[in-house]
Amino acid sequence: MTDNLLTLAGAVAIVLAGLAALAAVAVIAVRAMRRREDPAADRQMAELARLQAETSVRIEGMRDMLAGRQAELHRAVNERLDSVTHHLSQSMTTTRQHTVDSLQRLNERLAVIDNAQKNITDLSSQVSSLNAVLANKQARGAFGQARMEAIVQDGLPKGAFAFQHTLKNGKRPDCAVFLPDGRPLVIDAKFPLEAVTAFRDAATDDERSRAAQRLRQDIARHVADIAEKYLVPGETQDTALMFVPSESVYAELHDGFDDIVQKAYRARVVLVSPALLMLAIQVIQQIQKDARMREAADRIRGEVAAMLDDLGRLRERVVRLERHFGQANEDIRQILISSEKIDKRATRIEELEFDGEDAPSDPVVIPSPIPRKLQAGE
């Protein structure tokens, strides 16, 4: 299209140059005629007329060529515009489809993000509620008691444990698990978490040292209370359990306060986390099961002896049944032999053949009845 525009501009320039030349020739001729009025002027006029005619022909040809070039330029411009419009339409359609797809994916992602934000909000509210529970001493104690009770109830059958069981000294531990020897295993769920929280929140070394000292004193005091209240000789087991309701707190105690843990062991108080309590409950469950098996050993032996007697009687009856089956099979065999003989005899009778290989050598003659004389009065 640029080449066509350059060609058209050149044609217009040529036409304008021709028109300027024609005007210049006309001016010169007029001036010459005014200066000189002689016979040569006629020839000049004739020459001028010829030049004007040629120039008119050339201008007409240029005009026709310019009109053709203009038509070609118009067609080329229309074709180029149609092509550009088509490509632009396709590009806009593709772009619109991509935009729609991107917006749809964006809406899906926003929906997922909204759902995640909702879950995060719910979790944040739950964490805030848990923080409020843990900040309150009574609520925290109820939380540890609830976790311990859930673990015990899930692992042991009813009757194997009791919550707030009263001992002979009037003390009521949080849980008492009854073992086969009749002495309960005491579990205490009131772990002092205030000192642990203060130890974690300590900002300086002095605060951390004071918090650690407080933690040791609180745990030692609680261990002494458990040993004094719940370890009753002859009534309870020789060991009690202190339930720590957090695995992280239990790990932190073993990592940084091993001395207090060992001191609790020496006082026959064992610190247990939720996982260790579940393991202990499973061991207790197996111990109770073994005890029930030992208690039922005599009954089991009696049942086994009765089962062996029933098995002996069953064997005798099976032997008798086998003997009956053997006799029945023999009777059936004899019946089949008799039926075959009857079938053969019926066939011979039907065919009037009595001299077969199965015919008896001495035929049995049935005597005719002997006539009897009639007696008087008959």
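A search of the whole structure, which is a predicted model, finds nine salt bridges. Side chains of opposite charge can pair when their charged atoms come close. Two of the pairs involve R183. In one, R183 forms a salt bridge with D181, and the closest N and O atoms are 3.4 Å apart. In the other, the side chain of R183 meets that of D238 in a salt bridge, at 3.6 Å from N to O. This second pair links distant parts of the chain, 55 residues apart: R183 lies in the loop between β2 (175–178) and β3, and D238 lies in the loop between α5 and β4. With a relative accessibility of 23%, R183 counts as partly exposed. D181 is likewise partly exposed, its relative accessible area being 49%, and D238 is partly exposed at 42%.

A further salt bridge is found within a helix. R333 pairs with E330, the closest N and O atoms being 2.6 Å apart. Both residues belong to helix α9 (residues 297–351), where three residues, about one turn of the helix, separate them. An α-helix has 3.6 residues a turn, so residues three or four places apart point the same way. R333 has a relative accessible area of 41% and is partly exposed; E330, at 32% relative accessibility, also counts as partly exposed. Salt bridges that share partners also join D174, D188 and K190 into one network.

The overall architecture was examined next. The protein chain has nine helices and five strands. Read from the N terminus, its elements follow the order α-α-α-β-β-β-α-α-β-α-α-β-α-α. Of the 378 residues of the protein chain, 21% count as buried. Among contacts between residues at least 6 apart in sequence, 64% join residues at least 24 apart.

Helix α5 (residues 205–230) was considered in detail. Helix α5 contains 26 residues and reaches 37 Å from its first C-alpha to its last, which is close to the 38 Å expected at 1.5 Å a residue. Its buried residues are A211, A212, L215, D218, I219, A220, H222, V223, I226 and Y230. These buried residues pack against both strands and helices: the strands are β3 (184–188), β4 (240–243) and β5 (269–272), and the helices are α4 (193–201), α6 (247–256) and α7.

Two packed helices are described by the angle between their axes and the distance between the axes. Helix α5 and helix α7 (residues 258–266) pack at an angle of about 10°, with their axes 10 Å apart. The two helices are therefore roughly parallel to each other, since angles under 35 degrees fall in that class. On the side of α5 the contact involves R216, I219, A220 and V223, and these meet D259, I260, K263 and A264 in α7. By class, the contact of α5 with α7 has five nonpolar, no polar and three charged residues. I219, A220 and V223, which take part in this contact, are also among the buried residues of α5.

Helix α7 packs in another arrangement with α6. The axes of α6 and α7 come within 5 Å and cross at roughly 100°. The helices α6 and α7 are therefore roughly perpendicular to each other, an angle of 65 to 115 degrees being the criterion. L253, H254 and G256 of α6 make this contact with D258, V261 and Y265 of α7. The residues of the contact of α6 with α7 divide into three nonpolar, two polar and one charged.

Backbone geometry was also inspected. Most residues other than glycine have a negative phi, and most peptide bonds are trans. Q164 has a phi near 55°, a positive value in a residue other than glycine. Q164 is located in the loop between β1 (161–163) and β2 and, at 33% relative accessibility, counts as partly exposed. R268 has a phi near 65°, which is again positive in a residue other than glycine. R268 lies in the loop that connects α7 and β5, and its relative accessibility of 44% places R268 in the partly exposed class.

Notes: Residues numbered from 1 in each chain as written. Predicted model: local features only at pLDDT ≥ 70, side-chain atom pairs only at ≥ 80, totals over all residues. Heavy atoms only, no water. Axes fitted to C-alpha atoms, helices over the stretch in contact; angles between N-to-C directions. Helix = DSSP H or I, 4+ residues; strand = E, 2+ residues; numbered from the N terminus. Parallel < 35°, antiparallel > 145°, perpendicular 65-115°, else oblique. Contact = heavy atoms within 4.5 Å. Nonpolar A, V, L, I, M, F, W, Y, C, P; charged D, E, K, R; others polar. Expected span 1.5 Å × (residues − 1). Buried < 20%, exposed > 50% of the residue type's maximum accessible area, 1.4 Å probe, protein only. Salt bridge = Lys/Arg side-chain N within 4 Å of Asp/Glu carboxyl O.
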